[in-house]
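Reader: I would like to learn how to read a few local features from a model. Please take them one at a time.

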Amino acid sequence: MDEHADRFASEVPVNLPRNRSEPEYGSDLICDLLQAMGFEHVMLTPGSSFRGLHDSLVNHTRNARPEIVLCGAEEIALHMAQGYSKVTGKASLVILHDLVGLQHAMMAFYNAWADEVPVLVLGGSGPADPAERRAIDWLHSANTQSESVRPYTKWTDEPPTLEATFDSVLRARRIAESAPQRPTYVSIDAGLQEDRIDGAAALPDVSLPRYRPAPPIAAAESEIAAAADLLTGASMPLVFGGRFGRRAEAGPPLVRLIELLGAAYQDGTDIVCVPTSHPQNLNGGYRPPPNPVRGESDVVLGIDCPDLTALVGGYAGARGDMRNAMTGERKVIDLSVNDLGVDRWSNAGGALAPLDVQLLADPIHGLQQLLSEVERRAEGEPAWYRRAQERRADLARRHEALRKAQRERAERDWDAEPISVPRMMGELWQAVRDRDWVLVSRNGRCWYEGIWDFPGAGRFLGHNGGGGVGYGPGGTVGAALALRGSGKLPLAILGDGDFTMNPSALWTAAHYRIPCLIVLHNNTSFGNDEEHQIALAEARGRPVDNAWIGQRMVAPEPDYAAIARGYGAWGAGPITDPSDLADAFRDAVAEVARGGVALVDVHTQLK
């Protein structure tokens with residue numbers, strides 16, 4: 001064994017004075033500020049443009065609050081921060097190398113931006129003074145470095161002085177954490193980091209309330225009343241829950257609202273807000289979920305849904321058709337802060353939704369407002385309330401019929417090889433159902449409703465947000481880091497293509513002892529795109545037999561279990577016989593319970 005292994009594992013600095021030294025350099029003061037702001041961790045991939053900050057994190061603040069979390073790629077660092085913030089709801093911290101490091105992370109910026117997750121990213125830059133630049137600094141610096149990430153950040157800055165840097169960092173966190181939450185970026189000049197400070201430099205008192213994020217936004221009372229009018233007068237109200245399902249506190253008021261209204265309920269894409277077993281939960285099967293009551297609904301309420309147009313049927317046909325959403329008598333209510341995050345660069349959020357009532361509010365705060373109004377109106381059991389309770393019985397019958405059909409569908413291919421996705425999900429559910437689990441990520445195209453029993457909100461964190469493949473490994477480890485020590489079991493179901501892009505996140509998990517379980521839904525293909533090739537070949541009258549070319553990772557197939565072991569994790573697979581799943585998942589869960597990192601590679605059907 002390496003004689004330095006214990007020291008390398010602990011990452012505790014050595015040979016420093018017993019008493020903490022006074023700050024000497026600009027980077028020392030910046031790290032003092034980060035510590036005062038309460039950051040527990042900083043995700044980074046090393047780079048010379050922030051060598052001043054790196055030195056101060058180690059030798060001044062002694063690698064404690066924030067503790068360095070080393071990542072194998074900048075994209076992983078930012079995806080880890082995204083997963084971390086989805087657990088905490090607060091800004092996480094990342095440091096990136098100038099220009100080329102920033103470019104490595106661009107897709108991760110976009111995922112976090114589309115996912116509305118607060119991340120504070122610091123970048124090294126410069127030096128601004130040309131006389132101080134080495135040859136490589138000319139190649140790796142730009143006049144306005146933040147220009148490259150402005151389309152998918154909420155705010156950026158390149159402060160010219162040390163005091164301005166303090167203000168920028170504080171402002172960046174407040175903007176990131178205020179609704180709608182999104183990443184911010186501050187580029188800190190290498191010269192400011194490495195220059196000695198003078199006596200005039202002083203940190204602001206970060207305990208003052210002026211540095212807190214903005215409070216929750218409330219909806220206008222007149223709009224709350226208008227929404228309640230529509231919902232209580234509806235013959236078939238339909239409620240969609242969105243991103244706020246990441247927060248456990250969203251569940252109880254949402255359940256109470258749908259019960260009072262006798263409303264049909266479905267989760268918006270890639271989230272869970274209401275218990276699977278709730279009799280008004282009509283979540284469908286294969287994603288995107290079918291909407292058995294959408295055609296009947298006369299009032300639709302979307303709460304924190306990123307693309308409400310999709311949920312009301314606005315994209316019929318392969319290339320989209322707005323007519324279904326724009327015509328008819330259906331009334332649409334939107335409760336979100338979506339319109340505060342309108343962007344000129346990306347089309348994220350979809351087409352303009354046809355709204356009859358807009359509740360521009362923090363989702364949970366607005367939900368509480370709406371619930372209070374509906375509860376007030378339900379007192380004395382007026383006619384609308386009695387009809388709503390009768391409707392609940394009908395919805396319960398539909399719920400049971402839907403779940404029965406889903407179970408039968410899962411059973412059809414239960415013993416198939418390659419392994420069916422429902423079998424993989426069912427066996428994994430049996431392995432974790434008695435534990436305090438959190439599904440931190442899942443491959444949306446592999447999900448079948450009715451197999452996994454969610455108790456409600458806060459147990460699934462959603463996927464990547466922006467559709468950028470490669471989020472899964474880093475996002476999983478980042479969420480698991482935030483959950484470490486909580487007693488919860490973090491697990492993820494990832495596609496093999498997603499994992500292939502950033503497997504070194506497993507090293508970070510193993511090195512920092514971040515327990516988590518990753519199950520690979522391994523169809524040996526970039527399955528989404530293979531399905532597109534099949535559909536297009538059929539439409540063009542061409543052979544579907546060739547759809548796999550340029551899609552399948554075979555001959556040879558990657559040995560993902562060996563890759564996991566190579567990074568210090570526990571690995572099993574490939575599992576090809578469905579009867580072997582139970583033992584593999586049992587052993588993997590036991591490994592995570594001991595504090596380890598586990599990966600199980602399962603060979604699955606294409607869909």
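Author: Helix 2 passes helix 3 in a right-handed crossing. A crossing is right-handed if the near helix is turned clockwise from the far one by less than a right angle, and left-handed if anticlockwise. Helices (H or I, at least four residues) and strands (E, at least two) are DSSP runs, numbered from the N terminus. This is a predicted model, in which local features need pLDDT of at least 70 and side-chain atom pairs count only at pLDDT 80 or more, while totals for chains, interfaces and linings use all residues. Residues are numbered from 1 along each chain as its sequence is written, and side-chain values use heavy atoms, with hydrogens and water left out.

Reader: At what angle do helix 2 and helix 3 pack?

Author: Axes are lines fitted to C-alpha atoms, for helices over the stretch in contact, and angles run from 0 to 180 degrees between N-to-C directions. Here helix 2 (residues 26-36) and helix 3 (residues 51-59) pack at about 60°, with axes 8 Å apart. The two helices are therefore oblique to each other; angles under 35 degrees count as roughly parallel, over 145 as roughly antiparallel, 65 to 115 as roughly perpendicular and the rest as oblique.

Reader: Which residues of helix 2 and helix 3 meet?

Author: Contact means heavy atoms within 4.5 Å. Ser27, Asp28, Ile30 and Cys31 in helix 2 meet Gly52, Leu53, Ser56 and Leu57 in helix 3.

Reader: Is His463 buried or exposed?

Author: Buried means under 20% relative accessible area, exposed over 50%, partly exposed in between (1.4 Å probe, protein chains only). His463 has a relative accessible area of 14%, so it is buried. His463 lies in the loop between strand 12 (437-442) and helix 17 (471-483). Beyond residues up to four places away in sequence, His463 touches several others, including Asp115, Asp270 and Asp498.

Reader: Which residues have a positive phi without being glycine?

Author: Leu99 has a phi of about 55°, and phi of Arg513 is near 55°. Leu99 sits in the loop between strand 3 (92-96) and helix 5 (100-104), and counts as buried because its relative accessibility is 16%. Arg513 is in the loop between helix 19 (505-511) and strand 14 (516-522), and counts as exposed because its relative accessibility is 55%.

Reader: Where are cis peptide bonds found?

Author: One joins Ala179 and Pro180, with omega about -10°. Pro180 is in the loop between helix 8 (162-177) and strand 6 (184-189). The bond from Glu417 to Pro418 is also cis, with omega near -5°.
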